[in-house]
Amino acid sequence: MTESPQSIRAFIRPKTLNPTVFWRLAEDIPKPLNTTLIVMSVGVPLLLWWLVTTVGNIDPKFLPTPAKVLVAFGRLWSTRELLKDTVASLWRVGVGFLLAAILSIPVGVLMGSFPSIRALLEPLFGLMRYMPAPAFIPLLILYLGIGEEPKITLIFIGVFFFNSLMVMDTVKFVPKDLIESTYILGGDRIQSLFQVIFPYVLPGILDACRINLAAAWQLVIVSELIAANEGLGRRISVAGRFLRTDEIFVGLIVIGVIGLSFDLLFQYLLRVSCKWASQQR
Amino acid sequence: MYLQINSLNKNFETKDGPLVVLKDINMLIEQGEYICAVGASGSGKSTLLRQIAGLDTPTSGQITVDGKRVTGPGPDRGMVFQQYTLYPWMSVQQNTEFGLKLLGVPKKVRREQASYYLNVVGLTEFSQALPKQLSGGMKQRAAIARALVSEPKVLLMDEPFGALDIHTKESMHEFMLDLWRRTNITIFMITHDVEEAVFLSNRIYALGARPGTVRKEMSINLPERTQSIKRQSKFQDYRDELMDLMRKHGQEALAAA
């Protein structure tokens, strides 16, 4: 170090951080801008869709106008077909997802809490996770036929392993200090598990369920595309066969809206039940 | 003797063989004493506290509290950690009651006991607040209340004020002395802050590093414990002696390494 500190300055380019609104990094943007962008997020694609189908000369069999899709929605709603399909899909997801959640949450908590149980189950679950659930469809049809059982089992397979491993991960990150504090206060292992670890990871569990419900919702549609008498997936596949593109769009939009509602419902549940964690996520 | 540590040794197994962390530690602490163990990082002071708490077992030697040998953690030894370890989903009141709940104390009794100690630490107004709504000093006071509700025989403190700013720290020091006088509890606290140790304790164990050993035991006799005592020569003599000792051992440790 023989150079004086001043000499380095000749090499340094002048640099300052310019103020910005749109490109703020991990900072809140003004509320009006936020609202505008949210409205644009859905509004711009809708507008483009409307423009392309009204101004452009496009075969409605290829891309129907928004108005035509709305009419198709009204038609399917008034004949109660859409409701029947929605209920059928919701029922499958409900049963399959609930079964998977009820089993995977305790299994995941046990795997996260006890290294012994983790060693016993993690390799198997890690392997099963990488087998895409739809790849089980032929086997499920072979074993369980084409009724409700294979569809529910498919959702179960698709959710159970992922959810167990994700719950396990949240449990692994419980601070050791919190558990040691409990021991020092006189708690035993069972008390620590139920009264400290479980409440601490509850927000993480709800979050894992939220993410895996999206997977369950996709799987029910996939299973119905292949073989079903009713359901939103079935609706799309029938509409495709008869080139009723407007009905395909109705099906897709309903699927999306229901999925988003689930997501918002879980976010609301998380906010209400775990106020203490609200700023952490 | 109340808290007794007899020829305690602790080794950690590493891939290069055993690492001696604590070597031949002997300490005798009477009921009602305020003891600080002072040491630089690497003196094994946190490890020592973990052995007393029963969170870890010594390689050899033994620890007894009120004649009973320590074999694991238990409510006869309360502990306050440096990091905030309040349960984030519980209110201050629930946090304070929690130890008694774990021990099966009826709801009404534990509510009264917790309220009493929340009053002692000056947090009655905040009993329904969540930990994240408290400042750092308030969090540590809540942690102290939580440790005290089950009336432990000794309160262990692991650098409890290390994360606080200097003003909060000073008010916590005064709070601790007041608490100590009023409850007559035995306190064993570890810190690297020499001034803090001299101000608070009636006896200090100075620890040397690598391996952690007791280098000096020092009784502190100060006429009073107010902030102004820090400007008096008696206080400064204690502080300088300890600082010199730690500096010397720090250089020795560096030379050895």
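Two residues are in contact if their C-beta atoms, placed from the backbone, lie within 7 Å. Keep that rule in mind as we walk through this structure.

## Before we start

This is a predicted model, in which local features need pLDDT of at least 70 and side-chain atom pairs count only at pLDDT 80 or more, while totals for chains, interfaces and linings use all residues. Residues are numbered from 1 along each chain as its sequence is written, and chains are lettered from A, with ligands numbered from 1, in the order in which they are written.

## Chain B as a whole

Let's begin with contacts in chain B between residues at least 6 apart in sequence: 70% of them join residues at least 24 apart. Chain B has seven helices and 10 strands; these are DSSP runs numbered from the N terminus, with at least four residues (H or I) for a helix and at least two (E) for a strand.

The radius of gyration of chain B, 19 Å, is close to the 18 Å that the globule rule gives for 257 residues, so chain B is as compact as a globular protein of that length. (The radius is taken over C-alpha atoms, and the rule is 2.2 Å times the number of residues to the power 0.38.)

Where do they touch? In chain B, 10 residues of domain 1 are in contact with nine residues of domain 2. Helix H5 (residues 166-183) of chain B gives the largest share of the domain 1 side, four residues.

## Where the chains meet

The contact between the chains takes 14 residues from chain A and 20 residues from chain B. On the chain A side, helix H7 (176-184) and helix H8 (189-226) each supply at least two residues, and H7(A) has the largest share, with six residues.

## The nonpolar core

A nonpolar core is a set of buried Ala, Val, Leu, Ile, Met, Phe, Trp, Tyr and Cys residues joined through C-beta atoms within 7 Å, where buried means that 20 or more other C-beta atoms lie within 10 Å of a residue's own. The largest one here has 119 residues, and A:Ile155, A:Ala216 and B:Phe188 are among those with the most contacts inside it. Helix H6 (residues 148-172) of chain A gives the most to this core, 14 residues.

Which residues does A:Ala216 touch? Leaving out residues up to four places away in sequence, A:Ala216 touches A:Val93, A:Gly96, A:Phe97, A:Ile155, A:Gly158 and A:Val159.

Key
Buried ≥ 20, exposed ≤ 12 C-beta atoms within 10 Å, placed from the backbone.
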